[in-house]
Amino acid sequence: MILHGTRVGLAGAAVLVVTSGCGVAGTGVQPGAAATVGDATVSSATVDEYATYFCDALDDGALGEVGAVPGAELKQGVAGNLTRRLAAEQFAEDLGITPDDYYQQVAAQAEASLTALSADATAALVEVQSTEAFVSSVALVAGEDALVAEGDTDPGPDAAQERGQALFAEWLADQDVEIDPALGVELDDTGALAQVDGTTSVAASDLALAAATSPVDEAGQPVAAYSDYVASLPASQRCG
């Protein structure tokens, strides 16, 4: 699933297309943790388990015609989304708010599309796939509450969304966020996901370098070099 932007629909796999940015992630996490946000943790075991669910779903065609993706990229997407969701959950808890109906609709839509999977796999995929909707929904509610408190009795969704995203970024700047550098992803200063140069594997071949430099075209579709690179990986290192 390519997740980007605000209030986007669900696509097929947990692949992230993100851009580099200034991160709030630190240089290391505690043993057994893929990421931490304050005192809360995303365990490495959970990331591995969820990535396996996604990989199996891709291999079985349960996510539709998505195409193959590198296993490492899939794991990066899972870890990044779970970290972002954890941050948004804590942000919502601190404010005493819950997501609006939009999030519930997106989560229900995702669950309904995964009836062929086990209950555990479905729950994992829905949690990851609905991350963007969760963050957007929480930001909207936070923004609406803030604007109403300031005297705006009927704030529009665009103004509320913008204000809420700003509040989330401000909140995040005060938190201790750590993501395992080997995963190569972080939360930037807006709370969005960003790739970073920290992975233990380095693209060496011309094909791998081309794929890493420009994995998608202007329409968001994988470029030939990326598809060729994924196809060149051993079966144990790719999904779908």
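Among contacts in the chain between residues at least 6 apart in sequence, what share joins residues at least 24 apart? It's 67%, where contact means heavy atoms within 4.5 Å. Before the close-ups, keep in mind that this is a predicted model, where local features need pLDDT of at least 70, side-chain atom pairs count only at pLDDT 80 or more, and totals for chains, interfaces and linings use all residues. Residues are numbered from 1 along each chain as its sequence is written, and side-chain values use heavy atoms, with hydrogens and water left out.

View 1. Helices (H or I, at least four residues) and strands (E, at least two) are DSSP runs, numbered from the N terminus. Of the 240 residues, 44% count as buried; that label means under 20% relative accessible area, with exposed being over 50% and partly exposed in between (1.4 Å probe, protein chains only).

**View 2. Helix α5 packs against helix α6.** Two packed helices are described by the angle between their axes and the distance between the axes. Here α5 (residues 131–149) and α6 (residues 157–173) pack at about 100°, with axes 6 Å apart. That makes α5 roughly perpendicular to α6. For the labels, angles under 35 degrees count as roughly parallel, over 145 as roughly antiparallel, 65 to 115 as roughly perpendicular and the rest as oblique. Axes are lines fitted to C-alpha atoms, for helices over the stretch in contact, and angles run from 0 to 180 degrees between N-to-C directions. On the α5 side, look for residues including V135, A139 and L147; they belong to a group that meets α6 residues, among them P157, R163 and F168. The residues of this contact divide into 11 nonpolar, 5 polar and 2 charged (Ala, Val, Leu, Ile, Met, Phe, Trp, Tyr, Cys and Pro count as nonpolar, Asp, Glu, Lys and Arg as charged, and the others, Gly among them, as polar).

**View 3. F91, F168 and W171 form one aromatic cluster.** A pair of aromatic rings is described by the distance of the centres and the angle of the planes. Rings of Phe, Tyr and Trp (its six-membered ring) pair if their centres lie within 6.5 Å; planes under 30 degrees apart count as stacked, over 60 as edge-to-face and the rest as tilted. The structure holds 4 aromatic pairs. F91 and F168 make a tilted one, 5.3 Å centre to centre with 50° between the planes. This pair links distant parts of the chain: F91 sits in α2 and F168 in α6, 77 residues apart. The rings of F168 and W171 have centres 6.2 Å apart and planes at 15°, so that pair is stacked. F168 and W171 are both in α6, 3 residues apart, about one turn of the helix. F168 is buried at a relative accessible area of 2%, and W171 is buried at 12%.

**View 4. R85 is a buried residue in helix α2.** Its helix covers residues 71–95, and its relative accessible area is 7%. Leaving aside neighbours within four places in sequence, R85 is in contact with Y103, E127, S130, T131 and F134.

**View 5. Three strands form an open sheet in the order β2-β1-β4.** The pairing is antiparallel, and two strands pair if DSSP finds at least two bridges between them. β2 (40–43) and β4 (177–179) stand at the edges, each with a single partner strand, so one side of each has no neighbour in the sheet. β1 (residues 33–37) pairs with β2 over 4 bridges. Helix α1 (residues 44–60) lies across β1 and β2, running at about 45° to β2.
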